[in-house]
Structure formats: structure tokens, C-alpha cells
Amino acid sequence: IAPPPRSRVFSQNIHSSGYDGGREDTDRQTSERQRRKDNGPVSNQNVESEGPTKLQIPPLNSDRLLPVRHRTKNAVLTILDGGEVCVEFLKKKTGFTDRINEVCRISGDGLRIVLYKPDNKDIGDAPAPIPSRGADNIYSYESLPARHHRKYLYAARFVKLVKAKTPKLTLYTSKGRCLFMENGPHPDCEMHFYDGIKVTRVEAAVKIFGRDGGLFTEGDMPQELEEYFEIYQECYQRCLILESTLNSLESATGHSYFPAIIGRKPSTALGDTPFQGKENVSRTTCSPPV
């Protein structure tokens with residue numbers, strides 16, 4: 001995962017309105033020029049360190065995401081059992097093993113950020129724990145300084161990628177299985193037909209994969225695949241309705257119903273043995289009544 005670009009802090013002059021606005025602005029500009037002449041120019045670094053600048057993305061949310069640990073060139077990213085997102089930033093030295101330079105832990109709702117340098121800098125199977133002395137810095141989403149925004153954006157992008165591969169709804173139909181992902185409001189989707197055809201939607205771009213490995217895009221597909229595309233469209237709309245319905249039910253009851261599995265794979269799609277599937281199929285048989 002390539003690191004997102006660094007955020008920039010833009011400063012601006014805020015002018016107050018008054019009864020004599022034009023005269024007030026002129027006096028303020030003269031005063032500002034005199035202050036700069038006396039004290040010298042203000043560096044960008046000092047402006048940035050004066051206080052937090054609001055992040056340009058909403059808080060991340062790892063709700064319903066399964067634990068996962070993934071290593072990239074620059075960091076090790078982890079989603080823990082409780083939903084906490086952890087990024088271990090690596091420091092590279094030529095001829096030496098990569099070491100952990102800094103750890104950023106973000107709560108599952110994205111509102112609490114903990115930063116620290118670990119005592120043990122070796123990369124392990126789990127994130128490096130907080131040192132016995134405590135964390136170096138603890139921030140809220142609103143108070144995170146601009147110099148740490150890149151770390152938050154890195155974690156948020158990882159969560160977004162995991163959501164794009166995590167089904168929120170699984171819909172079984174007579175033709176195939178539809179996986180409706182977590183990265184809403186217009187999520188990615190995969191439609192796996194039982195005969196081997198596959199339709200994917202990634203960031204609103206739809207692709208169709210033929211049985212022979214051929215790849216086609218929306219508006220550029222052979223006629224025999226148009227029916228598959230229409231079935232995919234119908235299933236996607238059904239998933240949108242199901243999602244809305246279950247969201248309303250959650251609001252009414254206070255309980256979440258995601259992830260949800262709707263329907264089951266038909267026995268005709270399981271092969272010669274009708275009970276070899278796993279989805280909601282009983283393993284017992286009933287004896288005929290005597």
C-alpha cells in the first residue's frame with residue numbers, strides 16, 4: 001500500500017468586521033507589516049506546530065472487520081480482535097533487518113489516537129505493546145496535530161481496502177452468489193455465477209470475466225454475457241434494498257444484523273450430492289413416516 005500524500009496546512013488571515021471596515025483593515029495591515037519587520041517572517045513549521053488542523057476525512061471505522069495483519073514496504077498494519085487499528089512504521093537501514101520506528105494505534109471508531117516508540121523494535125506476530133512508561137502522545141480525532149495526519153490517513157486507507165474485500169451481505173440466488181461489500185454507500189460487489197462466470201464492481205467500474213479467462217467491461221461485452229450483466233444489476237439493487245431494510249431494523253431494535261446471509265446455494269448447483277454444501281443445509285435425513 002503506497003503511503004498517502006502528506007497533508008498540508010494552509011494559513012489564512014481572518015478579518016473582523018467593524019463599523020469602519022476599510023479603515024480597520026488598513027490599520028491592521030500596517031500593524032502586521034511593522035510586526036514582521038520587528039520579529040522577522042513566521043516559518044511554516046511554527047505555524048503548523050501552533051495547534052491541530054482538522055483531518056480532511058471522516059473518522060475511520062473498523063466495525064465488523066475481521067482481525068488481519070498485513071506487511072507493506074514501509075509498515076505493518078493490523079486490525080485487532082476489538083477493532084483497534086495499529087500501524088507499525090518501519091525504519092530501514094541498508095544491510096540490517098527492518099525495525100519498528102514508531103507505532104500508531106487508533107480505536108475502532110477512529111476517535112482516539114495513541115503514538116509511541118516501542119521498547120522492543122523487532123517485528124513480531126502482533127503489534128509492539130505500549131511501553132511500561134506509557135504512550136508518548138494521546139490525541140482525539142479533533143486534536144490530532146497536522147504533522148501526524150499522514151499516519152492517520154495511512155491507517156484509514158488500509159481500513160478502506162479491507163472493507164472492500166469484506167462482505168456485508170451475501171445473497172444466494174438460483175444463478176449465483178452475490179457478495180455486497182462493506183465499503184458503502186455504493187460498495188464494491190462480486191457476483192459469482194455457478195457456471196463459472198464472474199462479475200465484479202470495483203469503485204463503480206464493472207468487469208465481466210468469462211469462463212475462458214476473457215475480460216470484458218460494461219458496454220463492451222459479447223451478447224451471450226449480457227444476460228449475466230442484467231442478473232448482476234438486479235442482484236445489486238436487491239442488496240441495496242436489503243441493506244436499507246436491515247439498517248431500519250437496526251434503528252428500531254438497537255441490534256445490528258450485519259453481516260447477513262440471505263438464501264442458500266440451490267442443491268442443483270452443488271453437484272451430484274445435494275447435501276455437500278455448507279450454507280444452511282442440514283446434514284440429517286428424515287425417515288419416511290410409517
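## Cysteines, sheet and confidence

C104 is buried, with a relative accessible area of 2%. C104 belongs to no disulfide; the nearest cysteine sulfur, on C86, lies 7.7 Å away. This is a predicted model.

C239 is buried as well, at a relative accessible area of 0%. The nearest cysteine sulfur to that of C239 is on C178, 3.9 Å away, and C239 is in no disulfide. A disulfide needs two cysteine sulfur atoms within 2.5 Å. Across the whole structure, the search finds 0 disulfides.

| Cysteine | Relative accessible area | Nearest cysteine sulfur |
|---|---|---|
| C104 | 2% | C86, 7.7 Å |
| C239 | 0% | C178, 3.9 Å |

Strand 2 covers residues 75–79 and strand 3 covers residues 85–91. The two pair in the antiparallel sense over 5 bridges. I79 has V85, in strand 3, as its bridge partner.

How confident is the prediction, and what is the mean pLDDT of the chain? The mean is 82, and 74% of the residues reach 70 or more. Over residues 40–50, pLDDT stays under 50. The model has 8 contacts beyond four places in sequence for that stretch. Residues 281–290 also stay under 50 in pLDDT, with 6 such contacts beyond four places in sequence.

Key. Residues numbered from 1 in each chain as written. Predicted model: local features only at pLDDT ≥ 70, side-chain atom pairs only at ≥ 80, totals over all residues. Heavy atoms only, no water. Buried < 20%, exposed > 50% of the residue type's maximum accessible area, 1.4 Å probe, protein only. pLDDT = per-residue confidence, 0-100. Contact = heavy atoms within 4.5 Å. Pairing = 2+ DSSP bridges. Helix = DSSP H or I, 4+ residues; strand = E, 2+ residues; numbered from the N terminus.
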